[in-house]
Amino acid sequence: DGTLYHIRWYMKPLFMVLLFPYCTRLPSLMNVRKSFAGKVMKDGDELNKAIAQRIAATSINSSTSSVITWIHSRFYPSFEKIMPFLRGSRPGLNNTLKTVKEKHYKLAVLSDFKWIKERLKGLKINDILFDTLLSTETEGALKPSPQSFNNIAEEWNINPSEILVIGDRIDTDGKGAENAGMQFLQITDKLVTQKGHNWKSIKELLENLPLLK
C-alpha cells in the first residue's frame, strides 16, 4: 500500500483511535498477518479464519467469529477512513498513470489487503486506470508468495520477466516479484539508495516510458 501513498507518522495513531476500544488488536493483527507471509492457503476464507483463530487465542473474551467480524466491520472501514488524510502524497499520480495507460501499458494494484477500490476512492486515485485490482488476502496467499503475481501475468498473457513491480517493501513486494520472475523497483520515502528511488524519480521514469506498439 505504501506504493500509492506516502505512509505518514500519524497513520498508526489515527488507526488506533478509530479502532477504540479494540485498538490493541491492530498490532496483534499486523503481527499475525506477518507470520502468514508467503504461506499458501486454500482461499481467502481459510486464511482469514486462521488469522482470526491466532488472534482470538491470545485475546481475552475473544472468539474466532468475533475477530472476523471486527476485521470486516471495524478494521477495514477504519482503514478506508484514513485514506483521505493521505491524498496527494504522490503528487500527480493520476496524470502519471494516465500517461502510462495512453502508452498502452497494463497497470495493476496488488495489495495484501482487501477493499482496494474503497481505498483508492479515499485517495482520489481513479480505479479505472488499472486493468487489474487484486488482493493477495482474497487469494489466500500473502506476499511474498508468487501466486497472485503469477495470476496477473496469466491474466494479461504476459511473460513475468516483462512485468515491473513497484513496491515499498523489499521483503514482500521485492521478494514476491523475484519469486514470480518479475522485475522490481523499490519506492522509498526515506533517503534514496542504490535500490530505492523516490516518487519524483519513479514518476519521471514512468512518464518517459516508450510507446508500446
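Predicted model: local features only at pLDDT ≥ 70, side-chain atom pairs only at ≥ 80, totals over all residues.
Biologist: Which residues in helix 1 and helix 4 meet?

Modeller: Helix 1 brings Met 11, Leu 14, Phe 15 and Leu 18, and these meet Arg 74, Phe 75, Ser 78, Phe 79, Lys 81 and Ile 82 in helix 4. By class, this contact has 7 nonpolar, 1 polar and 2 charged residues.

Biologist: What makes helix 5 roughly parallel to helix 10?

Modeller: The axes of helix 5 (residues 93-102) and helix 10 (residues 199-207) come within 9 Å and cross at roughly 25°. Angles under 35° count as roughly parallel, so helix 5 and helix 10 meet that description. Helix 5 passes helix 10 in a left-handed crossing.

Biologist: Which residues make the contact of helix 5 and helix 10?

Modeller: Leu 93, Thr 96, Thr 99 and Val 100 come from helix 5, while Trp 199, Lys 203, Leu 206 and Glu 207 come from helix 10. The classes here are 4 nonpolar, 2 polar and 2 charged residues.

Biologist: How many residues line the largest pocket, and which are the closest to its centre?

Modeller: The largest pocket has a volume of about 980 Å³. Its lining consists of 41 residues, and the closest to the centre are Leu 107, Ala 108, Leu 164, Val 165 and Ile 166. Helix 5 and helix 10 are among the elements that give two or more residues to this lining, as are strand 1 (108-111) and strand 3 (164-167). By class, the lining has 30 nonpolar, 5 polar and 6 charged residues.

Biologist: What is the volume of the second largest pocket, and which residues lie nearest its centre?

Modeller: Its volume is about 840 Å³. Of the 27 residues that line the second largest pocket, Asp 1, Ile 7, Met 30, Phe 113 and Arg 169 lie nearest the centre. Helix 1, helix 2 (25-35), helix 4 and helix 9 (170-180) each supply at least two residues, and helix 2 gives the most, with 6 residues. The lining counts 13 nonpolar, 3 polar and 11 charged residues.

Biologist: How do you know that the peptide bond from Phe 20 to Pro 21 is cis?

Modeller: Omega of that bond is near 10°. Pro 21 is in the loop between helix 1 and helix 2. The peptide bond from Lys 143 to Pro 144 is cis as well, with omega near 10°, and Pro 144 is in the loop between helix 7 (136-139) and helix 8.

Biologist: What is phi of Asn 61 near, and where is the residue placed?

Modeller: Phi of Asn 61 is near 55°, which is a positive value in a residue other than glycine. Asn 61 is in the loop between helix 3 (44-57) and helix 4.

Methods. Residues numbered from 1 in each chain as written. Heavy atoms only, no water. Axes fitted to C-alpha atoms, helices over the stretch in contact; angles between N-to-C directions. Helix = DSSP H or I, 4+ residues; strand = E, 2+ residues; numbered from the N terminus. Parallel < 35°, antiparallel > 145°, perpendicular 65-115°, else oblique. Left-handed = near helix turned anticlockwise from the far one by under 90°. Contact = heavy atoms within 4.5 Å. Nonpolar A, V, L, I, M, F, W, Y, C, P; charged D, E, K, R; others polar. 1 Å grid on protein atoms, 1.4 Å probe; cavity = no way out; pocket = protein on both sides within 12 Å on 5 of 7 lines; lining within 4 Å. Points joined across faces, edges and corners; volume = space filled by probe spheres on them.
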